[in-house]
Amino acid sequence: MNYSETTTDTMPDIQQAEHVLHEVFGFEEFRSLQKDIIQNVLQKKDTLAIMPTGGGKSLCYQIPALLFDGLTIVVSPLISLMKDQVDQLTAYGVSASYLNSSLSPQNYEATLDLIRRNKLDLLYLAPETLLKGSILNLLSGLNVDCVAIDEAHCISEWGHDFRPEYRQLSEVTNKFENAVSLGLTATATPRVQTDIAKSLGLADANTFVASFNRKNLYLDVVTKSSPLQQTINFLRRHEGDSGIIYCFSRKQVDQLTQDLNANGFNALPYHAGLGEGERVKNQDAFIRDEVDIIVATIAFGMGIDKPDVRFVVHHDMPKNIESYYQQIGRAGRDGLQSDCLFLFSYGDASKIRYFIDQKTGDEQRVAEEHLQKLMDYVEAHQCRRIKLLGYFGEHYNEQNCGMCDFCTGDTPERENITVPVQKFLSTMARTEQRFGYNHILNILLGSRRKEVLKFNHDKLSTYGIGKEFSRPEWKQVYRELMKQDIIVREFEHKSLKLTPKAIKILKGDKKVLGVIDEPVQKTRTKSSKSDIESLDFNRDLFALLREKRMNLARKQGIPPFIIFGDTTLIEMAYYYPQSKDSLLKIHGVGRAKAKKYGEKFLEVINSFCKKNNLEERSKSGTNQKTRAVKKTLSKDSRPFEVGQMFQKGKTVSEIASEIGVKEGTVVGYLSKFVKAGHSVPSDNILEASGLSDEEMSKVHKAFDEHGHELLRPVFDALKEEVSYDELRVIQLYMRVKG
Ligand code: ADP
Ligand code: ZN
């Protein structure tokens, strides 16, 4: 298939690219940066594209490949993915093939024949295959228009996945004089980026870096109390969905797999202790929707490209933020909402700390740093996206992402913990900052332990003054102190030291906010509703369409998502297309797929509609519908419920005690309600504030000076003296007053 209808001396342009996007792939519009990148490639300017997993990198070379006269070579190290990618393209009616060591000699020869006869638009190759003299000779005699280098970070020793063969690629790309080079990667660190540009000879290349924010991932961190039960509760909300659960060790993987199957779930294990055959078999079953859940060690994931993974659970701590990001990134490539749950425990953290303590020198320092970054993320009392994206150097400044536990009001509120903090710090001061955490705690709790008595610490004025809190609660105080840089732990002797901040606090010049309660087991509100659930599509029809898809996939021996993705089936179950023309307007239905599968799916839709007296809904061809759905609040959501109670005259504190949440949470819900366009009476709002008139006018002034949208500048301007909760109340008041 060749979509360049123009003569060879004019380059294909972006309109033609859009045409291909609609006709071949059935997508409505380009995603951010895809358009710029494709435009650049079409103009034969070398390009480096950096986008997160699921960002849509493949289209950046697939569409130009269909517009260029000559061949596009795609270099990829992931042999196991090539077949799927080629199968997907074939389903879209694109002529693509691959060469790697997994092909039988006959198939290898047949592919070579296609290449010689110029029958291919795209050819996927492993780097070592491309470097073979015979292959290189063959290809350099052909008209090659583009060389795309996927997973380009493999060229960098700084990356997490260095492959020496990649180093030789730049010599090879020079052989294709007419070809534009396109490097693609999901690795964001600047060091790796420069390395790629340098090593691939893309010095003058235009670099495009997309945001690493994966908007459709719901990020949730929960204190691990009873992991099996917590996992089961979570899975019950995801019946029939595909998902991955990551565990620390092989033993845990086997145990959890067994427990889940005993509880009626459908799970298979994946770890390095299984034979190659079994691993491939289990992975295949997952990709083909024959099993819902894979319980895995970190070894799982590189070689899969399944777009409809609906959840990722971290049953144990990931190694660092980068692997956490990579692992949750395997969810929701298709853009539909997906749930990421992280079961966190301090016990897991100290296990990791134990391993770190065995290391030495630089290695130890780096590992410490990694753990600290992860702890910062886990303990953040702000939108999860701030720390996560901050790690990759991206500044996230939306006030409410609406897709993390903090922004949806699922995290515990911070309170004034100055008094217990002062007790802790003054015990440290009175023992000359020579002791570690356990000793300080023993003094505060009035312990009769040998070491306490030996140093006469039972005579201190702070001895036994901390009995109002339990050990775990004191542990939380301690974490806050470390996190807020009020104390530091000396490396060698593990003794605790005061920082200048601590001195201010001891003098009473500074307040401390933090969380002491053991975080309670959360009961999630409807906030985790996915797009699928909020779009009012017909579930019965959806189930029938899935069944059809499964049958066809089995017959052809391909994964179901290659036929149609979930988004496509959802749209079918919403618009009820009854003709080929309407079918072509559905997301993900291009000409080739309509021809190949249209009839079979139309049959299902037609007969279902007839039976149930349903009529087709018209679809305009843009995806405005999904946007409209997202904006409004569903009638049974918490913010809606709370908003209605408030409209009826209940006060914030009444609502808080009635539904069993803190007042700050109620204020959060009300803000959402108001943001969604509902109105509430302003009179009752200020009742929720504990500020004096004088303080209130200061806050008003600060808002006027720094704008009403962001709280952080106002919080800073007021020298952190007014809590976020208070600020939210005033902000809401001002919003309602207009
Ligand atoms: P990456 O290689 O960056 O991880 P992919 O190229 O596999 O991402 O794309 C992820 C998913 O998004 C695929 O299912 C793809 O079909 C889909 N996709 C890509 N671009 C678009 C677009 N413009 N509109 C709709 N879906 C798209
Ligand atoms: Zn958030």
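Six strands make up an open sheet here, in the order 8-13-12-9-11-10 with parallel pairing. Keep in mind that this is a predicted model. Strand 8 (217–223) and strand 10 (267–270) sit at the edges, so to speak: each pairs on one side only. Going from one strand to the next, the twist averages 15 degrees.

Strand 8 pairs with strand 13 (residues 338–344) in the parallel sense, and the pairing runs over seven bridges. If you want one to click on, Asp220 has Leu341 in strand 13 as its bridge partner.

Now for the helices. Helix 11 lies across strand 9 (242–246), strand 10 and strand 11 (293–296), and runs at about 175 degrees to strand 10.

Helix 11 also meets helix 10: the axes of helix 10 (residues 227–236) and helix 11 (residues 250–262) come within 11 Å and cross at roughly 55 degrees. That angle is why helix 10 counts as oblique to helix 11. The crossing in which helix 10 passes helix 11 is right-handed. Here is who makes the contact:

| Helix | Contact residues |
|---|---|
| Helix 10 | Leu228, Ile232 and Leu235 |
| Helix 11 | Leu256, Asp259 and Leu260 |

What classes of residue does the contact of helix 10 with helix 11 have? There are five nonpolar residues, no polar ones and one charged.

Definitions and conventions: Residues numbered from 1 in each chain as written. Chains lettered and ligands numbered in written order. Predicted model: local features only at pLDDT ≥ 70, side-chain atom pairs only at ≥ 80, totals over all residues. Heavy atoms only, no water. Axes fitted to C-alpha atoms, helices over the stretch in contact; angles between N-to-C directions. Helix = DSSP H or I, 4+ residues; strand = E, 2+ residues; numbered from the N terminus. Parallel < 35°, antiparallel > 145°, perpendicular 65-115°, else oblique. Left-handed = near helix turned anticlockwise from the far one by under 90°. Contact = heavy atoms within 4.5 Å. Nonpolar A, V, L, I, M, F, W, Y, C, P; charged D, E, K, R; others polar. Pairing = 2+ DSSP bridges.
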